[in-house]
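Subject: A structure for you to look at

Hi,

Here is the structure I promised to pass on. Please open it next to this email and follow along as you read.

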Amino acid sequence: MTSTETTLSSPAEPPQGPAAVADRRRWFALAIVMTAAFMDLVDVTIVNIAIPSIKRDEGASFSQIQWITAGYALAFAAGLITGGRLGDIHGRKRLFLVGIGGFTIASALCGFAANPEMLVASRILQGGMAALMVPQVLSIVHATFPAHERGKVFGLFGAIVGLGAVSGPLLGALLTEWNLFGLEWRPIFLINLPVGIAALILGRRFISESKAPKALKLDLVGVALVTLGLLMLLYPLTRGRELGWPLWGYVSMGGAFLVFAALVAYERRKATRDGSPLVELSLFKVKSFAAGIAVQTVFGVGLGIFFLVWTLYMQVGLGWSPLRAGLTGVPFSIAVSAAAGMSVQLLVPRFGRKVLQAGALIMAAGVLLYIWESERYGLSIASWQMALPLVVMGAGMGFIVAPLTDAVLSEVPREHSGSASGLINTVQQMGNALGLGLVSVVFFGEIGDRLTPAQVGPAFVNGFQHALGWVVAVMVAIFLLMFALPKRPAQHVEGAEDTAVGEQESANPAAGAPVSGSEPALMG
């Protein structure tokens, strides 16, 4: 047993000398990758709150508005598995820096977009760069921190999610209202530039390189099949209403499932032949991972529907300003942040799966309350009247979002952490894109195409209530799917298998020196 392993087996003794420095650098690196995750979260919520302003100022159609959000989600979903695997192969630090650098450049292109078409294209590029950056965040966390610390780290991650949800709408509303330098909505993207540059500089200093312990190769055929299948499914769903639901759209969506079947067959052969598949099918033998993936997908559908429809309801249907809409969402965001931290730290260790299931039912109850208030008060509804249903919904979401991530990754082998985190994000974004595509059916399909000014408000209120009915159905489905999750969170045992993995990583010159025994080295 090495000296670092001896230190690990005696956690009561604080690390000394170089080990203490490495431990501090580990937390600095965590702050950097969390900042990148925060930037991605804020970017999504900022765009949501500014969508009506973009529509008005740029003359964008409802279809283009959908693509500003769905295009990002499509590129994100299509590239996440590849991004996770590339991090395993070429190094997580390298891919993280490439991703955050590209995300910053794409943000600049979004900010200076000359027309809606350029904005859509820039958002697709931004989603592709996020697909390189985001998987490294979870894989770094999973590979760096031992099991007894991960609950704390994922609780922090949940709080960051909540903080991003709080600050995004407010920041987007303020930047849109202020119209800085006459740039209208453009600063919502340009604000990413200083944050991205700072994260790029600090990431180069504090994050050391790490790779998977086994030499892997990029599965280009797998990449092509994943991308083709997602595009065949999501493109016609997103554009179907605009094009009148043509026959080729149904053929394409049906064909997507054949492509996914071909992907599974190919990946099974690939794993047997050289051990370097893009999708690690063995992960689905882990019950907690397979069940969590299903929950993440359905949850993403619900969120994709709710957030876009909610924004349009407040700003177009009720005629509220971006600032008022942003402030209205603050109770929701605070509730998400508080409940996320509480669920991981206090509730899940005691009550296990019941906390996540309670979250689904609480969120469904909040949505039903929102529908009732919207119907009762109509166009005269006030922000304070929305506070109660939003707090209930936020609490329910917080009970799900943070512990679910830990539950999905808890039993995943470290050497596949990049692939697993890429899959987690992929299915959530795929669900999100599906939800955004369904907005054409559950919302725009209800309000009609040609409305007089007097008809806009009532039509949007009715469409909002109809869409929220779908969100309730999604929450009920999530509650039922969660019965397949473990009753209690899995407890890792830091044993010989993990130590062997750690020794393999420390033997890899690209991985740097080990921080603490069995944990793969990412920091200095």
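Below is what I found in it. Please keep in mind that this is a predicted model.

Let's start inside. The largest nonpolar core has 145 residues. Phe 96, Phe 289, Tyr 313, Tyr 370 and Met 386 are the ones with the most contacts within that core.

Next, have a look at helix H10, which covers residues 247–274. Its 28 residues reach 40 Å from the first C-alpha to the last, close to the 40 Å expected at 1.5 Å a residue. Among the buried residues of H10 are Gly 249, Ser 252, Met 253, Ala 256, Val 259 and Leu 263. Helix H9 (220–239) is part of what covers the buried residues of H10. Just after H10 comes Gly 275, with a positive phi of about 70°.

Is Ser 252 buried or exposed? Its relative accessible area is 15%, so Ser 252 counts as buried, the cut-off being under 20%. Leaving out residues up to four places away in sequence, Ser 252 touches Met 232 and Pro 236.

Finally, the surface. Ile 105, Leu 109 and Leu 125 make a nonpolar patch of about 250 Å² there. Leu 109 belongs to helix H4 (residues 92–111). With a relative accessibility of 34%, Leu 109 is partly exposed.

Enjoy exploring!

Best wishes

Methods
Residues are numbered from 1 along each chain as its sequence is written. This is a predicted model: local features need pLDDT of at least 70, side-chain atom pairs count only at pLDDT 80 or more; totals for chains, interfaces and linings use all residues. Side-chain values use heavy atoms; hydrogens and water are left out. A nonpolar core is a set of buried Ala, Val, Leu, Ile, Met, Phe, Trp, Tyr and Cys residues joined through side-chain atoms within 4.5 Å. Buried means under 20% relative accessible area, exposed over 50%, partly exposed in between (1.4 Å probe, protein chains only). Patches are made of residues with over 30% relative accessible area and no salt bridge: like charges are joined within 9 Å, nonpolar side chains (Val, Leu, Ile, Met, Phe, Trp, Tyr) within 5 Å. Accessible areas come from the Shrake-Rupley method with a 1.4 Å probe; for residues, only the protein chains shown count as cover. A salt bridge is a side-chain nitrogen of Lys or Arg within 4 Å of a carboxyl oxygen of Asp or Glu. Helices (H or I, at least four residues) and strands (E, at least two) are DSSP runs, numbered from the N terminus. The expected span of a helix is 1.5 Å times one less than its number of residues. Contact means heavy atoms within 4.5 Å.
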